[in-house]
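Hi everyone, thanks for making time.

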Amino acid sequence: MANQIVLHISDLVFSWPRSTAPLLNIDLLSVAKGEKIFLHGPSGSGKSTLLNVIGGVLEPERGKIEVLGKNFSELTSSRKDQFRGDHMGFIFQMFNLLPYFSAVENVVLPCEFSKIKSKRVLEHATSLEEEAKRLLTELRLSVEDLSHKNVTKLSVGQQQRVATARAVMGRPEIIIADEPTSALDSNIRESFLKLLFEECHKFEITLIFVSHDISLGTKFDRVISLCEINKANMSGQMEREFI
Amino acid sequence: MVIFKVAKKSLLNRKATTLLTIFSLALSVSLLLGIERIRSGAKASFESTVSGVDLIVGARSGPINLLLYSIFRIGDATNNISYKSYEEFKDHSVVEWTIPISLGDSHKGFRVVGTNRDYFKFYKYSNDESLRFFQGNEFIKLFDVVVGSEVAKSLGYQVGDKITLSHGTGNISFQEHEDKPFTVVGILDRTMTPVDSSLHVSLEAITAIHVDWQNGAPPAPGEEITAEKVLQMELKPADVTAFLVRLKSRIAVFNVQREINSYDEESLLAILPGVTLRDLWNTIGIAEKSLMIVSILVFIVSLVGMVISLLATLNERRREMAILRSIGAKKRFIFSVLVIETCILTITGVLFGIASLYVGLLIFRPVLESQMGLTLGLFEPTENDYRYIVLVLVGSLLASIVPALRAYKHSLADGLVVKN
């Protein structure tokens, strides 16, 4: 099953409304189960847009996006939202957490949006909170410390680990990480990546890691440069991004 | 439900704004309901001024004028009616009882009502309540006077006190009937009607104090008739100002009214008190309506305040919405969060508004009752109260569309990634 395809994109064209030049034009992007993909591209190369398309938030102009065998063009937007909640986890650059929820509540949150995630958790744990605490501990966070602190008072490294626990919660098939380490100091960057890899490995989660920092690429199974696979006219994108 | 949790926690995260918004909503709701309460209270006590009377009869003038001087003791009659006419209708076959009223004198700013003992027997106010005596009893002798509770209270009168009446109805009168002093023989219970501010004497007493007057002028020196002499005289009233009529059967009311209005001997006017009360209320109702409009405007202002405070935070909350979206929240979830937040704010505001209204009523009700004669119900919400509460809720639900739509649009533009 090692070659099971998790994400398959073909002939994708995406352009913003009222823009003639496409931002994305990708012939083929295929990711197998358990792969750790490093998606590299300078800012403005359409990374965020690609993530929104994979997440089912943006609709491509044409092309086929298949996630876990589901063809996105066959799903309504609210089905795609549910699909995203059921099968994906996200980690962003920073400010990943809802400021008015505790760390544990933040980690539990995905299960409140997804019965599938919640069911998966309860197969192994007695309660969602227990699993959240276990994950946080696994990510070297002291649940005791966290419970006394507002999540906005945590260090960026701690926040990113809480976000990781949230992304892993309920064992989604895919985790999409958008520059999760760019706000971290280089010394904790390594350990953060290590923890993230550990979690993904344990649950056979496919990781799509987006960054402009090419130096991290060596740690991944595969490095994909967005500039190489994206045939869209760069000048057209530049126009949109910088004007 | 996770959406309520998100809405609740998000509001609590912005405690200061949330509390201020709730405070302003509560204030406007209690203002709205408070004014409604005062309005209905005022209307109720207004309408309960007189009860059980089928017709009020006076000299021909305007119906409202007649009602004002005969019942509210405001203003003066343009003319009196002859005692003969009064007697004619008093003895009418369909008339059950009448109460004559003779006005024109006063005592320290309070009106003096000349009447007979039927007044204490038949006069009814509120829900068919009769007059009761707090102290003493009806007038029997010629120079006896029965005072209303407000008169007794503000002038400190007790049964047995001697007082003199003044000619005319002004507060300061230069023509005192000081030669013929009266004795307070009774004090009436509080009625919350103009009866409280009246002094009651017999029709004969009114005749007696004016017996030596000529054409509305005090007697020339040497022509005075002393109180002792008056007691020997046979006093027959020449006229009355108005009289209240109760019919044996209400069915006859329009016939009798027509009969009185077309009376040949004298120009008379008969009015139906209920109808005229309503007309009068509608006339003075403009003040009430403008109060209502102002309080509705205050409510709209606080709604706008709430919308502004929600809109102001939306920019900071773009990331929060993107996170929720990434976790699997649908677009309509983002919209609904804002609607639910508005609902929580409004419902809390309404509840606090109602609570503070009741607290305010508990505190100020006795003051309003004793100072202004305004009896307000405490825990008796009117139909209008419910109407206003529904209006408030619907209004805020509509207002919530503004921030909700904006959050929705933000969320569409941002997707999962918020640009800094």
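This is a predicted model: local features need pLDDT of at least 70, side-chain atom pairs count only at pLDDT 80 or more; totals for chains, interfaces and linings use all residues.

Helix 3 of chain A packs against helix 5 of chain A, residues 128–138, at an angle of about 115 degrees, and their axes are 9 Å apart. If you're wondering about the hand, the crossing of helix 3 and helix 5 of chain A is right-handed.

Which residues meet there? On the helix 3 side we have A:Ala103, A:Val104, A:Val107, A:Val108 and A:Cys111. Facing them from helix 5 of chain A are A:Leu128, A:Glu129, A:Ala132, A:Lys133, A:Leu135 and A:Leu136. Sorted by class, that contact has nine nonpolar residues, two charged and no polar ones.

Now for the sheet. Chain A has an open sheet of five strands, ordered 6-7-8-3-9, with parallel pairing. Strand 6 (88–91) and strand 9 (222–225) of chain A are the edges, each pairing on one side only. From one strand to the next, the twist averages 20 degrees. Further in, strand 3 (residues 36–40) of chain A runs parallel to strand 8 (residues 206–211) of chain A, and five bridges join them. Have a look at A:His40, too: opposite it, in strand 8 of chain A, stands A:Ser211.

Last stop, the contact between the chains. Chain A puts in 27 residues and chain B 18 residues. On the chain A side, helix 1 (47–54), helix 2 (77–87) and helix 3 (103–113) each supply at least two residues. Helix 2 of chain A gives the largest share, seven residues. By class, the chain A side divides into 13 nonpolar, nine polar and five charged residues.

Thanks, and I'm happy to take questions!

Terms used:
Residues are numbered from 1 along each chain as its sequence is written. Chains are lettered from A and ligands numbered from 1 in the order in which they are written. Two residues are in contact if their C-beta atoms, placed from the backbone, lie within 7 Å. Helices (H or I, at least four residues) and strands (E, at least two) are DSSP runs, numbered from the N terminus. Ala, Val, Leu, Ile, Met, Phe, Trp, Tyr, Cys and Pro count as nonpolar, Asp, Glu, Lys and Arg as charged, and the others, Gly among them, as polar. Axes are lines fitted to C-alpha atoms, for helices over the stretch in contact, and angles run from 0 to 180 degrees between N-to-C directions. A crossing is left-handed if the near helix is turned anticlockwise from the far one by less than a right angle, and right-handed if clockwise. Two strands pair if DSSP finds at least two bridges between them.
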